[in-house]
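Subject: Structure for your review

Dear colleague,

Please find the structure below. A summary of the findings follows it.

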Amino acid sequence: MAVLEKLVVRAQVLRRIRAFFDARDFIEVETPVRIPAPAPEPHIDCPAVVARPRAEDLSRAEFLRASPELQMKKLLCMGLPRIWQMGPCFREGEKGGRHSPEFTMLEWYRAEADYLDILKDMEELVGGVLGLDPVPFRRVTVREAYRTWAGWDPFADWDQDRFDFDMATKIEPNLPREPVFLIDYPPAAASLSRMRAEPDGTSVAERWELYVGGMELANAFTELTDPVEQRRRFEAAREERRRLDESDYPLDEDFLGRLGSMPPSGGVALGVDRLVMLAADARSIDEIRVRA
């Protein structure tokens, strides 16, 4: 397929996405691209709009967003029940066949919903866009995946570096090529997710990631709504960033101040460029984006 034909496929995918949400009474929103405080996550770096301030003066910082997540959750706190947004996001140091420093993200959130409700949305959306069989996609728990392909249980013996290394080298390469949800993560691997206690006492993060054709496509949570716990996790993430010698970010105090009024909710982020790659049978993200 020629480059121009792939761009036509991209336009078709965007139309199908918009039609999906229009048919389900979601409200399309638009939040700022320039933000003062990204969610602190290890290995995700936002480009600074201005020169990075010293660590003791983070109040003057401004960044290009890596995700509209915190700004969209503020709208849930204000009372919007079903929202979606598709637009540009930015991450430093991400360049390759499946990565770009500028990319298009689709996120949606539903009040009074959880990660399994969002999972059903995802099956309908991705199945419709790609023309897949509508039967439910396969699910593999994180515990099952690590026991089978990495030979250890991250719930019993947590090690962040080992978890990340094995995810890239042992788990993802062994996932089936058909659509599969990697579901139920260790608590330390889901800083924005609600936790669930299993009958054996194990704490499980209500998070899943969708893989199609061996490629990670989307990441979803049952959202954490406890501001005290969220602050604790953000501070832990900032400490991890410092350990890795990554830039520090200020906390979004406006978000933390509103979080206690957010209803139980589910949300997800989907890489639109990767979805288009699948629809256009493209091998690189550069094939399906217009470049200057």
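A contact here means heavy atoms within 4.5 Å. On that basis, residues 24 or more positions apart account for 70% of the contacts in the chain with a separation of 6 or more.

Please note that this is a predicted model, in which local features need pLDDT of at least 70 and side-chain atom pairs count only at pLDDT 80 or more, while totals for chains, interfaces and linings use all residues. Residues are numbered from 1 along each chain as its sequence is written, and side-chain values use heavy atoms, with hydrogens and water left out.

The chain contains 8 helices and 11 strands (DSSP runs of H or I with at least four residues, and of E with at least two, numbered from the N terminus). Its radius of gyration, taken over C-alpha atoms, is 19 Å, close to the 19 Å that the globule rule (2.2 Å times the number of residues to the power 0.38) gives for 292 residues, so the chain is as compact as a globular protein of that length. The C-alpha trace spans about 50 × 45 × 35 Å along its principal axes.

Of the 292 residues, 52% count as buried, that is, under 20% relative accessible area with a 1.4 Å probe, protein chains only.

Strand 7 (residues 180-185) is mostly covered, with 6 of its 6 residues buried. Strand 7 pairs in the parallel sense with strand 6 (residues 138-141) over 4 bridges, where pairing requires at least two DSSP bridges between two strands. In this pairing, Phe 181 of strand 7 stands opposite Arg 139. Strand 7 also pairs with strand 9 (residues 203-212), in the antiparallel sense and over 5 bridges; here Val 180 stands opposite Tyr 211.

Yours sincerely

Key:
Buried means under 20% relative accessible area, exposed over 50%, partly exposed in between (1.4 Å probe, protein chains only).
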